[in-house]
Amino acid sequence: MSDTPKGSRKTGQDFESTLSSSDTKVAAFERKHRGVMDTIQHVLHLNPTLVPVMVLVASVLIFSLPMVTEGKFLTMFNLSLVMQQVSIIGILAAAQSLIILTAGIDLSVGALMIFSAVVMGLTGVNLGMPSFVALILGFVVAIGGGLVNGLFVTRVKLPPFIVTLGTWYIFLSILRLLTGSQSIRSQDLDAEAPFLKIFGSFISLGSARITFGVILMILVFAVLWYMLNKTAWGRHVYAIGDDKEAAELAGIKTDRMLLTVYMMAGLVVGIAAWASIGRVGSISPNAFAEANLQSITAVVIGGISLFGGRGSILGPLFGALIVGVFESGLRLAGLDVQWQVFAIGWLIILAVAIDQWIRKVSA
Amino acid sequence: MTQAPILKARGLVKRYGRVTALDNADFDLYPGEILAVIGDNGAGKSSLIKALSGAVQVDEGSIELEGKPITFSSPLGARNAGIETVYQTLALSPALSIVDNMFVGREIRKPGFMGKYLKMLDKKAMEEFAREKLSELGLMTIQNINQAVETLSGGQRQGVSVARAAAFGSKVIILDEPTAALGVKESRKVLELIQDVRSRGIPIVLISHNMPHVFEVADRIHVHRLGRRLCVVNPDDYTMSDAVAFMTGAKEPPAEAMSAA
């Protein structure tokens with residue numbers, strides 16, 4: 001090899017001389033006829049949200065059957081009620097999705113939401129400050145809480161699970177210390193800061209009651225969908241969740257990005273806090289005790305991968321709706337609501353199994 | 001070599017605890033050349049490359065690009081300076097599409113209000129550019145540019161990663177073991193890509209264990225040993241077994257190769 005003059009080195013190795021006559025396509029394989037399961041796997045790989053959509057449509061159809069709910073389910077009133085019931089968990093699930101897309105998890109969203117709502121209530125009612133000041137302070141708490149989580153994750157390099165488990169307790173204790181575990185009553189809110197309850201107001205369309213909170217939830221999802229799919233920020237969220245090291249090498253400042261994601265999640269939690277005041281009417285330090293897990297449930301059922309980087313932000317909206325539809329449908333069918341809990345449990349396992357399956361997709 | 005080196009490093013030192021990965025390493029890359037970097041496992045090739053590409057910050061030493069001293073705090077810094085790297089791990093996001101991967105961190109936004117205030121990406125412009133670059137490099141057997149990278153074969157992924165570097169690397173392209181995971185035909189394709197990139201005047205640093213590949217494309221060979229540059233040899237003057245002997249310490253390199261270093 002070494003005595004070959006330089007000019008002829010371009011020709012490559014001897015054993016490769018036959019390559020010039022070989023097929024010119026690079027690794028293009030003949031497309032084999034795909035089986036049904038293979039086709040399904042590919043379709044789901046491209047659209048992981050299809051599963052929750054199908055489950056949602058199927059459950060709405062089943063509960064609409066006259067022999068199941070005697071027509072009580074499929075009314076404008078009931079459907080709008082389901083929307084109202086899922087609106088707070090829906091918005092929280094949107095915040096949760098941002099964190100889970102980066103391959104993290106946030107156990108503190110529920111506590112942070114109450115913390116933020118309590119601060120809004122205390123400053124607006126007990127301290128008698130103008131509503132907009134109360135809102136600003138509430139949002140500062142929510143975004144600040146997200147920032148604290150983000151700082152521990154990126155600067156101290158702790159796993160998000162541990163950080164948010166810790167801040168969950170911390171947020172809960174602070175808000176209980178602040179309120180002395182007392183609720184802020186609805187009539188006090190009406191008298192001092194009615195603007196905080198704005199998202200409880202509604203528009204009537206026939207028998208349907210569309211609350212501002214429901215519209216807000218849809219807006220939150222629409223804006224996040226745009227950010228995640230149409231902006232570089234969104235693409236980077238997915239890249240980090242997919243493979244953080246690769247994202248860093250490819251030129252993303254991953255820690256700075258993660259901080260913005262945690263703060264954005266905090267902002268969305270603040271929105272949920274404001275909406276929750278309108279939804280509940282009062283502010284109770286003990287409300288939404290299960291909101292953390294419910295938000296994770298909605299995300300998982302919605303087809304967002306717990307391992308990060310995959311899934312559509314619209315999935316958790318459907319996930320939250322599935323939970324709401326099951327609850328309403330089973331109640332109207334006269335069945336024990338525990339069956340909803342039973343069904344949701346199975347849905348979570350099914351959703352993660354499907355996620356694992358579609359990850360194995362190949363060309 | 002009468003020209004000044006385009007990328008030059010002197011006295012690089014990098015320690016990890018008690019392990020010294022780079023021990024006063026020097027490095028020179030001249031304009032328009034393919035410089036191969038070879039060395040035994042643990043010789044510090046990867047650390048050298050990471051130092052040059054901004055993925056690792058050295059403890060001591062200086063790096064100059066076109067005669068100007070530079071320090072990179074991240075891979076992004078090196079990239080902005082015109083140094084593109086294809087890592088052995090490829091640094092691709094498997095679930096993202098080919099286009100998204102090519103443009104990670106340098107996305108094109110729509111002109112006007114949508115782009116400026118709503119930060120909307122110009123998908124069409126990015127797709128066009130990516131398609132153009134991939135076909136320039138003969139990689140257009142990839143049918144769908146919006147396909148997720150994880151659905152591509154190993155060679156195709158390598159191609160996407162090399163195409164990304166070639167498309168944006170304005171001054172230097174560093175390739176870390178680009179043929180290690182590839183078959184004969186795909187390796188050939190990548191070697192052709194490398195020569196193609198050089199013919200456009202962009203110098204290339206090629207890290208490889210594959211001696212036939214190194215001797216085929218390299219203009220000069222930098223032998224790395226025990227954390228520093230041992231010597232630089234011309235592939236026309238030495239055999240592959242000489243090179244292996246130098247890098248494993250079985251044979252002392254001749255004095256003139258050492259002084260050239």
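In which order do the four strands of the open sheet in chain B stand? The legends below answer this question and then turn to helix packing and to single residues. The model shown is predicted.

**View 1. The open sheet of chain B has four strands in the order β2-β1-β4-β5.** The pairing in this sheet is antiparallel. Strands of a sheet pair through backbone hydrogen bonds, and the pairing may be parallel or antiparallel. At the edges stand β2 (19–29) and β5 (68–70) of chain B, each of which pairs on one side only. From one strand to the next, the twist averages 30°.

**View 2. Strands β1 and β2 of chain B pair in the antiparallel sense.** Strand β1 covers residues 7–16 of chain B, and its pairing with β2(B) extends over eight bridges. B:Tyr16 has B:Val19 of β2(B) opposite it. Helix α1 (residues 45–53) of chain B lies across β1, β2 and β4 (60–65) of chain B. The direction of this helix is at about 60° to β2(B).

**View 3. In chain A, helix α4 (residues 76–101) packs against helix α13 (residues 291–301).** A pair of packed helices is described by two quantities, the angle between the axes and the distance between them. For α4 and α13 of chain A, the angle is about 70° and the axes are 8 Å apart. Because angles of 65 to 115 degrees count as roughly perpendicular, α4(A) is described as roughly perpendicular to α13(A). The crossing of α4(A) past α13(A) is right-handed. On the side of α4(A), the contact is made by A:Ile89, A:Leu92, A:Ala93, A:Gln96, A:Ser97 and A:Ile100. On the side of α13(A), the residues are A:Ala291, A:Asn292, A:Gln294, A:Ser295, A:Ile296, A:Ala298 and A:Val299. Sorted by class, this contact of α4(A) with α13(A) has eight nonpolar residues, five polar residues and no charged residues.

**View 4. Helices α6 (residues 131–154) and α7 (residues 160–179) of chain A cross at roughly 145°.** The axes of α6(A) and α7(A) come within 9 Å, and their crossing is right-handed. Helix α6(A) contributes A:Gly145, A:Val148, A:Asn149, A:Phe152 and A:Val153 to the contact. Helix α7(A) contributes A:Pro160, A:Val163, A:Thr164, A:Thr167 and A:Phe171. In the contact of α6(A) with α7(A), six residues are nonpolar, four are polar and none is charged.

**View 5. A:Ala275 is a buried residue of helix α12 (residues 254–280) in chain A.** The relative accessible area of A:Ala275 is 2%, and a residue counts as buried when this value is under 20%. Leaving aside residues up to four places away in sequence, A:Ala275 touches A:Ile88, A:Ile91, A:Phe199 and A:Leu216. A:Ala275 and A:Leu216 are 59 residues apart in sequence, and the distance between their C-alpha atoms is 8.0 Å. In chain A as a whole, buried residues make up 52% of the 363 residues. The chain has 15 helices and two strands. Among contacts in chain A between residues at least 6 apart in sequence, 75% join residues at least 24 apart.

**View 6. B:Glu256 is an exposed residue in helix α10 (residues 255–260) of chain B.** The relative accessibility of B:Glu256 is 53%, and a residue counts as exposed when this value is over 50%. B:Glu256 and B:Val232 are 24 residues apart along the chain, and their C-alpha atoms are separated by 9.3 Å.

Definitions and conventions. Residues are numbered from 1 along each chain as its sequence is written. Chains are lettered from A and ligands numbered from 1 in the order in which they are written. This is a predicted model: local features need pLDDT of at least 70, side-chain atom pairs count only at pLDDT 80 or more; totals for chains, interfaces and linings use all residues. Side-chain values use heavy atoms; hydrogens and water are left out. Axes are lines fitted to C-alpha atoms, for helices over the stretch in contact, and angles run from 0 to 180 degrees between N-to-C directions. Angles under 35 degrees count as roughly parallel, over 145 as roughly antiparallel, 65 to 115 as roughly perpendicular and the rest as oblique. A crossing is left-handed if the near helix is turned anticlockwise from the far one by less than a right angle, and right-handed if clockwise. Contact means heavy atoms within 4.5 Å. Ala, Val, Leu, Ile, Met, Phe, Trp, Tyr, Cys and Pro count as nonpolar, Asp, Glu, Lys and Arg as charged, and the others, Gly among them, as polar. Two strands pair if DSSP finds at least two bridges between them. Buried means under 20% relative accessible area, exposed over 50%, partly exposed in between (1.4 Å probe, protein chains only).
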